[in-house]
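User: Hi! I'm new to this one. Could you walk me through it?
Analyst: Happy to, let's take a look together.

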Amino acid sequence: MFEQIKHNMETISGVELYPIISLLIFFFFFVGLGFWVFSYRKDKIQEMSSIPLDEGLVVITKEI
């Protein structure tokens, strides 16, 4: 079965670009996600972490 897949992949021109593009998309997504997580405002994280503990209270925030 692997021989059939390998043969089909060898006939596609430019197939060596697909793993490189996939790796770059994966890498930049997680670097961007890490940057977003570490640059998120600490007070907003504290506010969101206390939401499950509030019993029926409505939290109204003003985005700056």
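**Rings, helices and a lysine**

Analyst: Phe26, Phe29 and Phe30 are linked into a cluster by ring pairs; rings of Phe, Tyr and Trp (its six-membered ring) pair if their centres lie within 6.5 Å. This is a predicted model, where local features need pLDDT of at least 70, side-chain atom pairs count only at pLDDT 80 or more, and totals for chains, interfaces and linings use all residues. Residues are numbered from 1 along each chain as its sequence is written, and side-chain values use heavy atoms, leaving out hydrogens and water.

User: How many aromatic pairs does the structure hold?
Analyst: Four. One of them joins phenylalanine 29 and phenylalanine 30 edge-to-face, at 5.0 Å centre to centre and 85° between the planes; planes over 60 degrees apart count as edge-to-face.

User: New topic: is lysine 44 buried or exposed?
Analyst: Lysine 44 counts as buried because its relative accessibility is 13%, and buried means under 20% (1.4 Å probe, protein chains only). Lysine 44 is part of helix 3, residues 42-49.

User: What is lysine 44 in contact with?
Analyst: Thr61 and Glu63, leaving aside neighbours within four places in sequence. Contact means heavy atoms within 4.5 Å.

How values were computed:
Helices (H or I, at least four residues) and strands (E, at least two) are DSSP runs, numbered from the N terminus. Buried means under 20% relative accessible area, exposed over 50%, partly exposed in between (1.4 Å probe, protein chains only). Rings of Phe, Tyr and Trp (its six-membered ring) pair if their centres lie within 6.5 Å; planes under 30 degrees apart count as stacked, over 60 as edge-to-face and the rest as tilted.
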